[in-house]
Each structure stands twice: as C-alpha cells, then as structure tokens.
Amino acid sequence: MFSTDELCSLRWDPVRKGVEVIDQTLLPHALRWCPLDTLAAFCHAISAMQVRGAPLIGITAAFGLASALADDASDENLVRASSALMATRPTAVNLRWALEQMTCAVRSLEPSQRALVALDKALSLREEDIVNCERIGANGLELLTALGKDRLNIMTHCNAGWLATVQWGTALAPIYKAQACGIAVHVWVSETRPRNQGTNLTAWELHRAGVPYTIVTDNSCGQLMRKGKVDCVIVGSDRTAANGDVCNKVGTYLKALAARASDIPFYVALPTSTIDWSCPNGEQIPIEERDESEVLSITGLDAAGDYSEIKLAASHSKALNPAFDVTPADLVTALTTEHGNFDATEKGLERLCTIASQA
Ligand code: MRU
C-alpha cells in the first residue's frame, strides 16, 4: 500500500541529486513537489510549515545539514548550519535528535569525507523512519484488534499520517493496517484550528487511502465521545517526556480529558525518536507560540479558486496562539511505538528504553 513514492512526503531524486518535499501549505487544493537545494530553503520549508510533523521535520533537517555540508564541510559550517536548522521550530524533539545523529556521523571525519557520509546518513534515517512507522502500525493494530470490534470509529487530532513522517505515519499507521486487514474503520477527523491540519491534511490522506472519514469541529469531539460514537482516540506526539507526559498539537489535552470522562481508550503513537529522555516531565517542554494572525484569519480558496486570507476577527482583536499542549501521562492508555506497546509511566518508558537499546 505504501511502497510507491506517490504516498510519501519527502523523496530523493537520484537524477537531480536533491530532495523534494510536498508543499503542505497548498494541500488539500494542490499537490506540488518543491525542490530543496540550499540550507535557506530547508530552513524555510520547516519554519513556514511546508513540511511539518515531528518525524518529517527531523528527516528534512537531516537532509538540510547534508546539503549545507556539500557546500562547505568545515567545522564552522557544521555548527552554523546545525544551529540554523535547530532554530526553525522549538517543540518537536525529532529535530534535535536528527541533528545529533547527523553530527555524530560526521564530526570526527576529515571535512573532505563529510558530505558523502552525511548524505548516506540522511538517506538511512529516511529509510529507518519508514520501517519504524510501519512497525508502529503493526503494534498499534494489536491495540485496535484487542478492542474486539469488527467496525471501529476512531478519533484523531491534527495530522499524524504519512504527511507528518516519510510514509505510513504514526497515529494513522494502525488505521491503515486495520483497513488493510479487513476491519471496517471510520475516522473522526477533528479540524484542528487554527491551521486545520485535520481538515487540510488528514482528510486528504485518508481519502487517498480510501478510508472513510468525517471532519468534525474541534469543539464537537467531547459530545461525540459522550454519545458513544467513538471507540478510541489515537494521536501522535511532538515530544514525550521521560515520565510519559505527551506534548502534541493544541487540543489534544481536551480530547484526552473527554476520553477519560467517557471511559474511552486514548492511545499515543510515536517513534522512540520523539521521546526526550532528558526531559523529566511535560512542564519542561518548550511550547511553540505562533503568530496571532493564524487565529484571527483563515486561509483557503476563494470563489475564483485563488488562495486568499480572510479576516475573521475585528481589526482591534488580539489573540494568543500556543501550537501545542501537554497531556498528563495518567490520561494516556498506552504508548504505541516501533518497539511495542508500553504504559505511559516512568517504568513503561524505562522498559522501552531497555528494549530500544538492545535492538
Ligand atoms: O505543528 P505541526 O503540524 O508540525 O504539528 C504536528 C502535530 O502536532 C501532530 O499532531 C502530530 O501528531 C505529531 S507529529 C506525528
């Protein structure tokens, strides 16, 4: 199902010897591949959210560093390029993880050897991301089948599908696996104000995969759960602390509270690279604050079919726009990862850490 380049978000063009990404700011209205050839282009792609989602941000940054080293592989440029990429977005820890992986691979080499090794490393991180996401899908499927239903209504928030990774996705991977093995799945897609990743990205992805879905407003999700219309909630994560607190797109916490109140399982799907082992709890996670214009305006196609920004609020209005929130570990039923399913507790994560270090 996900073996072709058509269902991936970032590809390597061996002829041009360069990276191309889907420009996600144009979805769902246009599918445009965008070549990234300079450090500035990679930094812009991440900060302007042409690419987004924790795992994909990390992989894009890895190729950005490889591209910078192909121009200048000196120690100074390694530090400069890595800092520039690191400054693009603050919350998704996969960015730091990928830059550390890249730096470790090249730091001790002669500058003349660095460019090739960096490109190899970025390509292998890309492959690893695909394998890990497929495993998350298989492990998450175990949680879904344990619910014992042949029809499942699953709620998700934001976009944690293959657009947020390279292929498969995190939260959507178990859904794709469930559909492939004959479970009748229907997905409640919460629109995810203010940038509408649910409406713009998740709905688009699910449609392409032939998975039935319904877009709902963020505010209707609690009511749907209370009315028995939701069998479980699955979301991704941008950074998970060592005690199991989960940072994800703003609005995730409210869904977890509603799920607990209605006794519905709340699963978080993530690769191990999203765990910040140095972060003891969610309070320490930096929360990105984005421009108030994302709340005060909305962007979409106008009647003429052109992209335009429409003002929603009065011109004197002010807004606060935190992009992420933290869901306390005790609201999380299980963490599903490439190494299996774990309790969202310090003990559960210690067990994951042991298994991951032996893999
Ligand atoms: O701001 P974004 O679109 O980069 O945020 C991504 C998310 O928060 C997603 O919900 C996702 O679950 C985490 S990455 C798989």
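Which residues of α9 are buried? In this predicted model, the buried residues of α9 are T252, K255, A256, A258 and A259. Looking down the axis of α9, these residues fall within an arc of 165°, so they line one face of the helix. Turned away from that buried side are the exposed residues L254 and A261.

Helix α9 covers residues 252-261, and Y253 is part of it. Y253 counts as partly exposed because its relative accessibility is 33%. Together with L254 and L257, Y253 makes a nonpolar surface patch of about 280 Å². Just after α9 comes D263, which takes a positive phi of about 60°.

Now for helix α3. Its twelve residues, 75-86, reach 16 Å from the first C-alpha to the last, close to the 16 Å expected at 1.5 Å a residue. Its buried residues are N77, L78, A81, S82 and L85. They cover an arc of only 125° around the axis, which puts them on the same side of α3. The face of α3 turned away from the buried side carries E76, V79 and R80, which are exposed.

What covers the buried residues of α3? The cover includes these helices:

| Helix | Residues |
|---|---|
| α1 | 39-47 |
| α2 | 54-71 |
| α4 | 94-106 |

How values were computed:
Residues numbered from 1 in each chain as written. Predicted model: local features only at pLDDT ≥ 70, side-chain atom pairs only at ≥ 80, totals over all residues. Heavy atoms only, no water. Helix = DSSP H or I, 4+ residues; strand = E, 2+ residues; numbered from the N terminus. Expected span 1.5 Å × (residues − 1). Buried < 20%, exposed > 50% of the residue type's maximum accessible area, 1.4 Å probe, protein only. Arc of directions from axis to C-beta. Contact = heavy atoms within 4.5 Å. Patch = residues over 30% accessible without salt bridge, like charges linked within 9 Å, V, L, I, M, F, W, Y side chains within 5 Å. Areas by Shrake-Rupley, 256 points an atom, 1.4 Å probe, with all protein chains shown as cover. Salt bridge = Lys/Arg side-chain N within 4 Å of Asp/Glu carboxyl O.
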